[in-house]
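Hi there,

Here is the structure I promised to send over.

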Amino acid sequence: MDIKKIILEAKQAIEACTNINEVNNTKSQFIGKKGKITDVLSSLKDASVEIKKTIGKDANMARGEISKIAAMHILNLQAEMNKKQLEEEKIDIFMPESNLKIGSLHPLTVVTNEIAEFFHKMGFEINFGQEVEEIEYNFDKLNLPADHPARSDTDTFYTFNQRLLRTHCTNITARNLSKWKKDAYSLKVIGTGNVYRNDEDDATHSHQFKQIDGFHVGEGVSFANLKWTLLKLSKHLFGEETKIRLRPSFFPFTEPSVEVDISCFKCQGNGCGICKQTGWIEILGAGMLNPKVLENCGVDSSKYNGYAFGIGIDRVAMLKYGIEDIRNIYKNNVEFIREWVSK
Amino acid sequence: MLLSKNYLSSKLNNFNISNEKLEEELNNLGIEVETDDNLYVPGLKLGYVKECDKIPETKLSKAIVDLGDSETQILCGCPSIKKGIYVIVATVGTTLPIGIKIGKRKMIGHESNGMICGLDEIGFNPKLIPDEWKDKILHIPKKLAEKYLDTRDANEIVALNDEIIEISLTANRNDIAGQNDVVEELSIFHSKKRAKKQELELTYNHNVSVESDYIKGLYSARIETGEYDKYNKITFELIKLGVKPTLKFQDIMTYMTLNTGVVFTGFNEEITVNSDNEIRVNDKLIGLEPNQEPNPNFITLSVLDKQYSRFMSRKEKLTNIFVTKSLRGICSSKIEIAYRYFRDFIANHLPQVKISKLIEHKNTPNISKPVTTTVEYINELLGTELTPNKIHKILSQKYECSLLVNVIKVTPPCSRFDINIPADIAEEVAILMGYDQIAPKAYDGIQLNQAKGEYSELSKIKSTILSFGFNETVTYNLVNKNDNDLWNPFNLENQVQVLKPISQEREFMRNSLLFQNLRTYDYNKKQGNKNIKLFELANISTLNSSELHLCLVCGQEESINGFTGEKIKTDFYYLKSIFINLMNKLGIKNDLEMEYINPNQNILHPNKTAVFKNNINEVVAYIGETHPFMKNKNFKGLNVMEVNIDVLLKNTKVKIKPKPISQFSTIKKDFSFFLGKDESVKDLFKQIKELNYVKDLEVFDLFEKDGEKSIAFSIYINSNEKTFTSEEIQDISTKVTNIIVSQNGQLR
């Protein structure tokens, strides 16, 4: 048989194989010990040495050729099998993702963090104080006269032992000033936490809400410093373009006292629903600590001045995130809370 | 407090300003503008009813109304309509404040081109309209109507060509009690108009004594009221300013009170008996009691006793005007001004009224107290660099003020009770020059140091819990008594009870965060929310202490993926791992003792709940499942954890000491054994973990059969120094099996 013909036949046979075993079997049908090449060689038993040499050479070449064809086909088959395996393993990437969700902070925490972060950078210490406070630290030291309406039990929750549920976080100011050892030339603290007012809960009132109160007392602390701090805070919270406006006001613990408005972050001062068409939004109260408060807390008001401010966290959260009903903040619907997942 | 823009305008020069500008000026004075309302109703006309016929079988009348330039037919349902009266007509195209737009209509076959109006339809508050004018059309007297026949603008007749501004005042500004006080404030920006002076002929003179525990009259006078014209503009002004008119002379006094802020009170001479030409005044105050004697003939300008004012306001359910005014700062100088204002007003507007000479009573006048401060103090407090002359100039705009070198002496009017200390003067400087004139300045000593405080631990706790997918809640701290009675896991004493709570639901500060978060879980479940995992971090307060607590609530399992079937069991072991992770994150050494919770409660499952205690036997935390026999069915089958963070943080801190990384591979050995169902692996695992070279222990199987539990676990053996020989491994294995046997385990 013609060697070339055998190679061709082998090629066809091998390439017709559909799996590796078949290829190996087919291969040995041609180049195995009992294969067709061997048959050809054995048929040359009586041929001349020359012919034997020539054909033997061809047969060896054919062995190599057929092995190569087989190897190649095995590679192809392998590739096909790999491909098929991968195809079988295909998943639908458009099916929904698993339901793993990281948790979310509560919006009140988010706002508290934003404010605290600012004061943290400014070197303010952060305190939580105590929610059940002595009347002395909630009112007396803060210069609230005995007949001040805020002291009435229709406004404030009183409990036993001359204590009450604090009505503001300014108690933290009184506490910190009273224990200040004047070992540094100034003291900067912000206090935050729950405060309580004897109000029926409705869309804008809550008997429990959160505040941040802060102060900076030291030598040479001035109103201009307060204004700088509030301007920076407003920019930090509401963006670099934010402007502030101070309006005269009155708080027993500060003198002078101001209400602080920021330019409306929604309409940039042009007038919209959020700012009630005024371009300004009231955001906090502030002022220079009343000398009486300093003296009540054992700080020499002829040597030290200080500013103080108080921010309603719930109010800022409602403004900033457009929450219309304060009660929604305390419902704790997880779908609502998950809105703040990025914070 | 309500202000009429027209009134302000009548008292001030250059007052033709926009509402925005006015608001800005008031803001800068520390007077907050709440609302402003334009009362003007375009299209309201004065009409004359020329013809009027009842339409049979209806309540309607058909009126032919003369509007000056035209005549039109209007149907009217008010029974008081008749021929020959002047009325207010809302012409076609008018939109009334109550929301009705007037168009051409056809009713029961008759055309109607407009609407004849009553006061409640054109914007007056129905609650303040006098009863005799309520729910009916307003008849305008001929005499009054004839004054407006040229313009026929009905707004002018009832004083609606005005804007009402509602302001709110801070507690220190007791001196701003009347519209005139606002005029006084605004006169910094707009000079005051000169009042026309017209002296009255004064006829009466009496010796008067005011004998009352409540009234401290300073001035009094006798008046002859004459006939009172109820269509006087004051009637409409009062409604605008929030007072229901009585349509009697006392309306004048109310109006005087609204303008001056001083309480005018009136008496009727008949009920105050004379003797020796003396008038004794008793306690019946006409000005305070709306429906009393019609026309007083004796007035006083008084300071009322505060308690009496409160008493009167409650008893008579007054509009509170007199009460609030009389509680505000009235001083003798203001009363004198008020009296003169009253006298001039009568001379200019009410010629029929005669008034006697003012009689002054002996009363201690308020004395103005000067306040002294220095230029340096003001500049230091405000952070400004104002010159002495500049400060003097600023303060002189409003106050009697003197400057000596750098010492400033300001004498505020006696009504400004709130100006007493140098800081008050600094505030006045800031207000008068404007807060926008103070340049923001950084404090020289601002250090960007690392702040101390409790905040960093808090964010560690929160980030740990968040990473497990829990959502933060903020719930109310005040709860009902029952909550606290049922559940006091941390054994708190000295509970905080609110003495006058809003309701019983909000009477006590809570002992534990658990119930409020169980309720929140239940609420979310009812809302149909999935995979609800909640945490709260809040203070738990007693009378003497305040401690930070963390609470976690979740269901039995969390479905991660429905079609792959992946689930997380959010059970006791899950919460326990969160707790251990939390301790690791906080760097706290876990040497807490665990025990089963006291079974004498119905809140948590006695055999599925652990209490963690520290070495001084304080409760640090509990982790467990809600009690299957719990009363509230909605709370059943939830897994919960509550940690007292403050107690937890007292535990020893772990220091970071990195160990060398082992060069040798770790060997794993498996064991399995039976243990009695009621026996615990507590000591068994503890002893194994304490063996040398045992780095970790992992349970990979646990099942119960025939009253025994089968436990299979692996230990991981590793050393930094060597590869173990098989003898050494066998040795460790023997130690492990010995421990198992010594703890009543049967090797499988």
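**What turned up**

Asp37(B) is found in strand E2 of chain B (strands, E, of at least two residues and helices, H or I, of at least four are DSSP runs, numbered from the N terminus). This is a predicted model, where local features need pLDDT of at least 70, side-chain atom pairs count only at pLDDT 80 or more, and totals for chains, interfaces and linings use all residues. Residues are numbered from 1 along each chain as its sequence is written, chains are lettered from A and ligands numbered from 1 in the order written, and side-chain values use heavy atoms, leaving out hydrogens and water.

Asp37(B) is partly exposed, at 46% relative accessible area (buried is under 20%, exposed over 50%, partly exposed in between, with a 1.4 Å probe and protein chains only). Together with Glu20(B), Glu34(B), Asp36(B) and Glu166(B), Asp37(B) makes up a negatively charged surface patch (residues with over 30% relative accessible area and no salt bridge, like charges joined within 9 Å; a salt bridge puts a Lys or Arg side-chain nitrogen within 4 Å of an Asp or Glu carboxyl oxygen). Strand E2, residues 32–38, gives the largest share of that patch, three residues.

There is a positive patch too, formed by Lys655(B), Lys657(B), Lys659(B) and Lys695(B). Lys657(B) sits in the loop between helix H18 (645–649) and strand E33 (667–676) of chain B, and is exposed at 69%.

As for chain A, 12 helices and nine strands are present, and 52% of its 343 residues count as buried. The C-alpha trace of chain A spans about 135 × 50 × 45 Å along its principal axes.

Best wishes

Key
Patches are made of residues with over 30% relative accessible area and no salt bridge: like charges are joined within 9 Å, nonpolar side chains (Val, Leu, Ile, Met, Phe, Trp, Tyr) within 5 Å. Accessible areas come from the Shrake-Rupley method with a 1.4 Å probe; for residues, only the protein chains shown count as cover. Lys and Arg count as positive and Asp and Glu as negative; His and the chain ends are not counted. The place of a charge is taken as NZ of Lys, CZ of Arg, CG of Asp or CD of Glu.
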